[in-house]
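Please take a look at the model below. The report after it walks through selected parts of the fold and its ligands.

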Amino acid sequence: MLELKQKWPEERAARYRDAGYWRGETMSGFLEQRAAEIPDHIAVVGGPERWTYADLARKAQQYAATFLALGLAPGDRVIVQLPNIPEFLSVVFGLFRAGLIPVFTLPAHRLTEIVHFAEKSEACAYVITATHDGFNYRGLAAEVQAYSPRLRHLIVVDDVRQAAEGAIELANLPVNANPADVAFLQISGGSTGLSKLIPRTHDDYIYSFRASAEICGLDETSAYMAALPVAHNFPMSSPGVFGALYAGSRVVMCPSPAAEVAFALIEQERVTITGLVPPLALLWMQAATTTQWDISSLKVLQVGGAKFIPEAAARVKAALGCALQQVFGMAEGLVNYTRLDDPDDIVINTQGRPISPDDEVLIVDDLGNPTKDGEPGMLLTRGPYTINAYHNDDAANARSFTDDGYYRTGDIVSRSADGYLTVCGRTGDHINRSGEKISAEEIEDHLLAHASVFDAAVVSIPDPYLGERSCAFVIPMGEKPKGAALKAFVRSRGLADFKVPDQIVFVEAFETTAVGKTSRKFLRQMLREQFLKTAEL
Ligand code: AMP
Ligand code: DBH
């Protein structure tokens, strides 16, 4: 198996330890510590479950023992595809306790994506629920296993739950991990081609969510609700469920971000903080005008994952009766927050400033020269919780990191004199659809696999609800297929639903000047501009 690595140059690592960012804690270590300190506090609620910190730590140990009894060995990688249920936490902390490496995926992922993650990570096990949201994950798992024979162990939580509860605690569990080691693989949104795997260490990730919990004011009286899919980096760590547990808060697992489902839970659990992507924030603001639920416990609504326009940001306080916090982050590391005591002007018009005084932010023009304050440029960053390399992807590493270790975020931002960032756009060809990033190239490849497609270019189009939607320009070959049939074809390739093009536009040709001589990037840009000139949005 390819070794898991995430190394910072020794000089920087020493600096981060000296500054107290990296404290030598581990994922399972911190949970066990909380369980010893506040055993009877509620750690997580969801569905009929209500677990104390002692319950969660015990269940994690039982899962750890169960995984090892199944024949998994420390260092093995385990694909985790679980919805927002308390067992997400007992399973994941069980994996940490057993020295196993979770590979996080979203409930929306399908055959193509899971097989890709399994192959890239060399995973030998796959954890699912039998069904969720009407989808049969056993069926998906059977298909995945047919493609990825290395994935020997299928663990359906519905089946192992009982055995785990009977498992003997502490049965030969390995010693806790080394804090500098990789704890898990997170996934990127995949701006070029398929999603990349992001190795995060205990040290760096714990720093990011511990500091996030502080910035967000979490303590033992707070209740954090995970409304977005919890495997996403945002609800996982900004401060997310991990930051909430670190702070001794209560985690509320919300099965759906639909306003009425979430509002009911906010009332029942007296939720104080949650995070959303912009389109959901708009829906919640609308729903709040008529809801019967009492959402007055909510103090902070975080919004991130995609640009939240100032006009909408300005309405949050009045519409939901809570403060807004903008969050601009990435699974690769750097996370920016507006602070809870920032003036409205900053909260409404910026995407915040970095977590750490040691987050190094460079904003450069096309020639690599730093831009002036207030002028847009490409955002590069390095720091105590930003990765230096993806797992098992030399080409992406060559592209995405500079020689001196900066991550090229692909975002175009401007920075104010006091260090606040405003996102202006991006350099890459992906579509940010409601916070889900879709690679144009990945979808073009699927379209090209259709017998009646000669060529295809996928671009983002501004959309009043989604922020951006995907539009595929297709040159047909032979008989022109129907748009709906092409969408069905892409879906049948085993892709997450959010990647199916929202719109298909047939064209006779791409302008040859654009194809022959210039890049695909330019072609996409040209098609988008032509479309925007003529179309009604
Ligand atoms: P990923 O690398 O897949 O985790 O996606 C992170 C990307 O999401 C960032 O590089 C931005 O392009 C985008 N993003 C996240 N938060 C925001 C935000 N608040 N405003 C604008 N873009 C955002
Ligand atoms: O979009 C993201 O990936 C994101 C947004 C907000 C993120 O990773 C985060 C906060 O940590």
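This is a predicted model: local features need pLDDT of at least 70, side-chain atom pairs count only at pLDDT 80 or more; totals for chains, interfaces and linings use all residues.

Residues are numbered from 1 along each chain as its sequence is written, chains are lettered from A and ligands numbered from 1 in the order in which they are written, and side-chain values use heavy atoms, without hydrogens and water.

## Ligand 1

Ligand 1 is surrounded by 17 residues. A residue is near a molecule if one of its heavy atoms lies within 4 Å of it. The closest are G189, V327, E332, D411 and K437. By class, the shell holds 6 nonpolar, 7 polar and 4 charged residues. Here Ala, Val, Leu, Ile, Met, Phe, Trp, Tyr, Cys and Pro count as nonpolar, Asp, Glu, Lys and Arg as charged, and the others, Gly among them, as polar. Strand β15 gives the most to this shell, with 4 residues. Strands (E, at least two residues) and helices (H or I, at least four) are DSSP runs, numbered from the N terminus.

The table lists polar contacts of both ligands. A polar contact is a pair of N or O atoms within 3.5 Å; within protein, one must be able to donate a hydrogen and the other to accept it, and residues adjacent in sequence count only if both atoms are side-chain atoms.

| Residue | Protein atom | Ligand atom | Distance |
|---|---|---|---|
| V327 | backbone N or O | nitrogen of ligand 1 | 2.8 Å |
| A331 | backbone N or O | oxygen of ligand 1 | 2.8 Å |
| E332 | polar side-chain atom | oxygen of ligand 1 | 2.7 Å |
| S238 | polar side-chain atom | oxygen of ligand 2 | 2.7 Å |
| M330 | polar backbone atom | oxygen of ligand 2 | 3.4 Å |
| K437 | side-chain N or O | oxygen of ligand 2 | 2.7 Å |

Taken alone, ligand 1 exposes 500 Å², and the protein buries 90% of that. Accessible areas come from the Shrake-Rupley method with a 1.4 Å probe; for residues, only the protein chains shown count as cover.

## Ligand 2

On its own, ligand 2 has 290 Å² of accessible area, and the protein covers 93% of it. Which residues lie around ligand 2? They are N233, F234, S238, G305, V327, G329, M330, A331, V335 and K437. The shell has 5 nonpolar, 4 polar and 1 charged residues. β15 gives the most, with 3 residues.

## Backbone details

The peptide bond from S238 to P239 is cis, with omega near -15°. P239 is in the loop between α9 and α10 (240–246).

Two residues other than glycine have a positive phi: N392 at about 55° and S434 near 60°. N392 sits in the loop between β19 (377–382) and α16 (394–400). Is N392 buried or partly exposed? Its relative accessibility is 30%, so N392 counts as partly exposed. Buried means under 20% relative accessible area, exposed over 50%, and partly exposed in between (1.4 Å probe, protein chains only). S434 lies in the loop between β22 (430–433) and β23 (436–439).

## Strands

Four strands form an open antiparallel sheet in the order β18-β19-β20-β21. Two strands pair if DSSP finds at least two bridges between them. β18 (360–364) and β21 (421–426) stand at the edges with a single partner each, so one side of each has no neighbour in the sheet. β20 (407–415) and β21 pair over 5 bridges. Within that pairing, S414 has T422 of β21 as its bridge partner.

Elsewhere, 4 of the 5 residues of β1 (42–46) are buried, so this strand is largely enclosed by the rest of the structure. β1 runs antiparallel to β2 (49–52), joined by 4 bridges. I42 stands opposite T52 in β2. The hairpin of β1 and β2 has 2 residues between the strands, and G47 there takes a positive phi near 55°. β1 also pairs with β12 (250–253), in the parallel sense over 2 bridges. There V45 has V252 as its bridge partner.

V80 lies in strand β3 (77–81). V80 counts as buried because its relative accessibility is 0%. The C-alpha atoms of V80 and F104 are separated by 5.3 Å, although the two residues are 24 apart along the chain.
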